[in-house]
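Work through the exercises below with the sequence and the structure in view. Each task is followed by a solution in steps.

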Amino acid sequence: MRNEKLLNYIGGKWMEPSNNRFTEVTNPATLETIVQVPLSLKQEVKEAVQAAKKAQKSWALVPAPQRAEVLFRVGVLMKENKERLSQLLTMENGKVIEEARGEVQEGIDMAFYMAGEGRRLFGQTTPSELKDKFAMSVRAPVGVVGIITPWNFPIAIATWKSFPAIVAGNAVVWKPATETPIMAYELAKIFEEAGLPKGVVNVVFGSGADVGEAMIEQEDIRVISFTGSNEVGRNIAGKCGQRLKKVSLEMGGKNAVIVMEDADLSLAVEGILWSAYGTSGQRCTACSRVIVHEDVKEELEKRLQHEITKLTIGNGLDETVKVGPIINQKGLEKVRNYIEVGKEEGAVLLAGGHVLESGEHRKGNYFAPTLFTDVTADMRIAQEEIFGPVVSLIPVKSMEEAIEINNSVEFGLSSSIFTRDVNKVFAAQRDLDTGIVYINAGTTGAEIHLPFGGTKGTGNGHRDSGVAALDVFTEWKAVYVDFSGKLQRAQIDVE
Ligand code: UN1
């Protein structure tokens, strides 16, 4: 696929952008150009919305179990192509191949799970307060929905958003991240092969400033579902608010692992390494703080320091590599800056803290897995999202203090606690103010049939994934059937 020009997918046609502008996509592990991605404009968004609007009318009338049949086929095709998709994902995003396979699997799981919803999409039936009257609620599609997906999970997050939208009878206009367009291109081809009617999914490649903004402006797009940075999310929310457009946001995290004095330390170390340095820390759910009880602080530091030296860093296509590159130069710079911030704030650097520039690493965007200790909760490195392989260790005296520190950040996506005490487990799961809580596991690894999202600055009250995702892409409709043959007035004609 070297240097291939990708095309937009609008109304079932593969189209060049009208301005004929493209930009290069590079493999972060090698800095080689892999494809060219269109930089579309408002015109393409308008065409996509027109196509979606037309397709949605008939798609909504297809019985949901039949809509689901298409998703089953999508799932089968993804499964058949799993290894090829995973290799491409590693090439465009940099995540190591084992994780790429995991991400593609997440998409496959979502296909089969949401296909199952075709035979559920449950509403409620409920008694009416009046005689000879029937009452129920049903889920109605919202119409045309806009989805904006990030580069860090280019296929999984696309499936979290598009599959529930599709099964519920909507049509989709999708802007994938320009850093990782190959997954979107491949998924669009799969939709086509699976027999999804033309126009039900439309892919428009381009920047947030052009394509994203144009999507917000389109009256006919009734929902925007976005995953990405807090700054962009706030901007989208403001603009959608003005237009009374429903908006579902999934943004940053500053996730912590709490290690209590009675924890299984070997397990905690494994959980921290996996959730902090996996995907080079570029997950919304990544662990970037370790809040540790002072009794086990030194032992935990020693073990982490030792294990970090064993992590192999490099091109994720190599099966033995555990940590891949950072997505691009800008991301690398951001991480590097936070190291300086941490040092200035007085944090003690125990491991890493630098760009890897010698040998094979010179060819890509590699950053050494980093561990700071003696961090205090108010330091910027303990408050702000870094989105890289950087962990801040914060010592505490009690679980209450640990929970307070966990909750003291702007975000509320994921948290975890390692303890063997059942009382602590239940108190912690109640008091941790995050949308996802793990007991005796790291902060990553959400499963697709549960709601995914967070509190405070992480989101705006909606959830991706799980049945909760259907709430984003449907309107509740209350239906009353009066079979009494006479006018019955609610609240008035009640004996
Ligand atoms: C993300 O980082 O935006 O829970 C998504 C996890 C993955 C999804 C992460 N299943 O870590």
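**Exercise 1. Charges over rings**

Task: In this predicted model, find what sits over the ring of F153, and at what distance from its centre.

Solution. Step 1: Look at the charged end of K95, which sits over the F153 ring. Step 2: Read off the distance to the ring centre, 3.5 Å. Step 3: Go to F22 for another case, where K5 lies over the face of the ring. The distance there is 4.7 Å from the ring centre.

**Exercise 2. An aromatic pair**

Task: Classify the pair formed by the rings of W151 and F387, and state where in the chain each residue is located.

Solution. Step 1: A pair of aromatic rings is described by two quantities, the distance of the centres and the angle of the planes. Step 2: For W151 and F387 the centres are 5.7 Å apart and the planes stand at 85 degrees. Step 3: Planes over 60 degrees apart count as edge-to-face, so the W151 and F387 pair is edge-to-face. Step 4: Place the residues. W151 is in the loop between β8 (144-148) and α5 (156-167), while F387 is in the loop between β16 (370-373) and β17 (390-396). The two are 236 residues apart, and the pair links distant parts of the chain. Step 5: Check the accessibility of W151. Its relative accessibility is 17%, so W151 counts as buried.

The structure holds six aromatic pairs. One aromatic cluster is formed by Y9, W14 and Y185.

**Exercise 3. The partners of β11**

Task: Identify the strands that pair with β11 (residues 221-227), and say how many of its residues are buried.

Solution. Step 1: Five bridges join β8 to β11, and the two run parallel. The bridge partner of G146 in β11 is I224. Step 2: β11 is also joined to β12 (residues 246-250) by five bridges, again with parallel strands. There V223 has K246 in β12 as its bridge partner. Step 3: Of the seven residues of β11, six are buried, so the strand is largely enclosed by the rest of the structure.

**Exercise 4. Two packed helices**

Task: Describe how α9 (residues 265-277) and α10 (residues 297-308) pack.

Solution. Step 1: The description of two packed helices needs the angle between their axes and the distance between the axes. Step 2: For α9 and α10 the angle is about 50 degrees and the axes are 10 Å apart. Step 3: The two helices are therefore oblique to each other. Step 4: Their crossing is right-handed.

**Exercise 5. Positive phi values in loops**

Task: Compare the phi values, locations and accessibility of N20 and S280.

Solution. Step 1: Most residues other than glycine have a negative phi. Step 2: N20 has a positive phi, near 60 degrees, and S280 has a positive phi of about 50 degrees. Step 3: N20 is in the loop between β3 (13-15) and β4, whereas S280 lies in the loop between α9 and β14 (287-293). Step 4: With 43% relative accessibility, N20 counts as partly exposed. With 2%, S280 counts as buried.

Technical notes:
Residues numbered from 1 in each chain as written. Predicted model: local features only at pLDDT ≥ 70, side-chain atom pairs only at ≥ 80, totals over all residues. Heavy atoms only, no water. Phe/Tyr/Trp six-rings, centres within 6.5 Å; stacked < 30°, edge-to-face > 60°. Helix = DSSP H or I, 4+ residues; strand = E, 2+ residues; numbered from the N terminus. Buried < 20%, exposed > 50% of the residue type's maximum accessible area, 1.4 Å probe, protein only. Lys NZ or Arg CZ within 6 Å of the ring centre and 35° of its normal. Axes fitted to C-alpha atoms, helices over the stretch in contact; angles between N-to-C directions. Parallel < 35°, antiparallel > 145°, perpendicular 65-115°, else oblique. Left-handed = near helix turned anticlockwise from the far one by under 90°. Pairing = 2+ DSSP bridges.
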